[in-house]
Amino acid sequence: MTRLILASQSPARTKLLSHAGIRHEILVSDVDEDAVQARYGVTDPHDTALLLARAKAEAVASLPEAEGALVLGCDSVFEFDGEAHGKPYTADVAKERMLRMSGAMGVLHTGHWLVDCRDTEPDDDADAESGSDTGTGTGATLGSVTSAEVHFMDMSVDEIDAYIATGEPLQCAGSFTIDGYGGAFIRKVDGDPHTVVGLSISTLRALLGQARVGITELWTGGAIDPAEVRAE
């Protein structure tokens, strides 16, 4: 059975995969994002998203638990006025950003990096005993960035303060979400909306295809029932 490991502790990403019926495990990487950026000196938001996604995927791929699996790392960076915005962490930073974002537009870049940790060379003796071919891996290590424009509605100071008080924007790239309280302030998204959540399902499908894995191989048959979504 094909295994996919998500190298992320983001509840939004795992929820997205679960709702899409994609079987996966979670193994969190211990990557110091500031150290990675300092080492490579990447300042472009697009490249930063890909660099951090790769660092997370490769860190998890090096662990014994990842043997025989496909590992996916993701990272999101919000670009606004030519600057890269990660997680604000503090209320003051979040408020300063959101006051500038009110009524404006930014670009959310989500980097994806896939590492194929499956065996690439069959073990003839083992295969003869098991009757199977274990050399199904490609050895692939590849990535892609998906970007989407996010257009914000005008936000009052009271609304911004109330939103920050929920705690939601403090741990989100760009200080907002689309699948939570923050959705009230987003007028439209030009591009894949899953990108704004932090993981593009269509990009994942393309990366899996390059590793010779069909996304349907990961379907659990347990994707969320559309009727349940409507009921919610």
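## A tour of salt bridges and cores

Select Glu96 and Arg100: the two form a salt bridge, with the closest N and O atoms 3.6 Å apart. This is a predicted model. Both residues sit in helix H4 (residues 91-101), four residues apart, so about one helical turn separates them. Color by accessibility. Glu96 is partly exposed, with a relative accessible area of 39%. Arg100 is partly exposed too, at 30%.

Next, pick Glu33 and Lys56. Their salt bridge has its closest N and O atoms 3.4 Å apart. Glu33 belongs to helix H2 (residues 33-40) and Lys56 to helix H3 (residues 45-61), so the pair ties together parts 23 residues apart in sequence. Glu33 is partly exposed, with a relative accessible area of 26%, whereas Lys56 is buried at 11%.

Move to Arg118 and Asp116. Their side chains meet in a salt bridge of 2.8 Å, N to O. Arg118 and Asp116 are both buried. The count of salt bridges comes to ten.

Now the nonpolar side chains. Select Leu4, Ile22, Leu72, Leu114, Leu199, Leu204 and Leu208: these have the most contacts inside the largest nonpolar core, which has 21 residues. Strand E1 (4-6), helix H1 (11-19), strand E3 (70-80) and helix H8 (201-210) each give two or more residues to this core. H8 gives the most, with four.

Center on Leu114. Beyond its sequence neighbors up to four places away, Leu114 touches residues including Leu4, Leu72, Leu142 and Leu208.

Last stop: Ala94, Met98, Ala148 and Phe152 are among the 18 residues of another core, which lies apart from that one.

Definitions and conventions: Residues numbered from 1 in each chain as written. Predicted model: local features only at pLDDT ≥ 70, side-chain atom pairs only at ≥ 80, totals over all residues. Heavy atoms only, no water. Core = buried A, V, L, I, M, F, W, Y, C linked by side-chain atoms within 4.5 Å. Buried < 20%, exposed > 50% of the residue type's maximum accessible area, 1.4 Å probe, protein only. Contact = heavy atoms within 4.5 Å. Salt bridge = Lys/Arg side-chain N within 4 Å of Asp/Glu carboxyl O.
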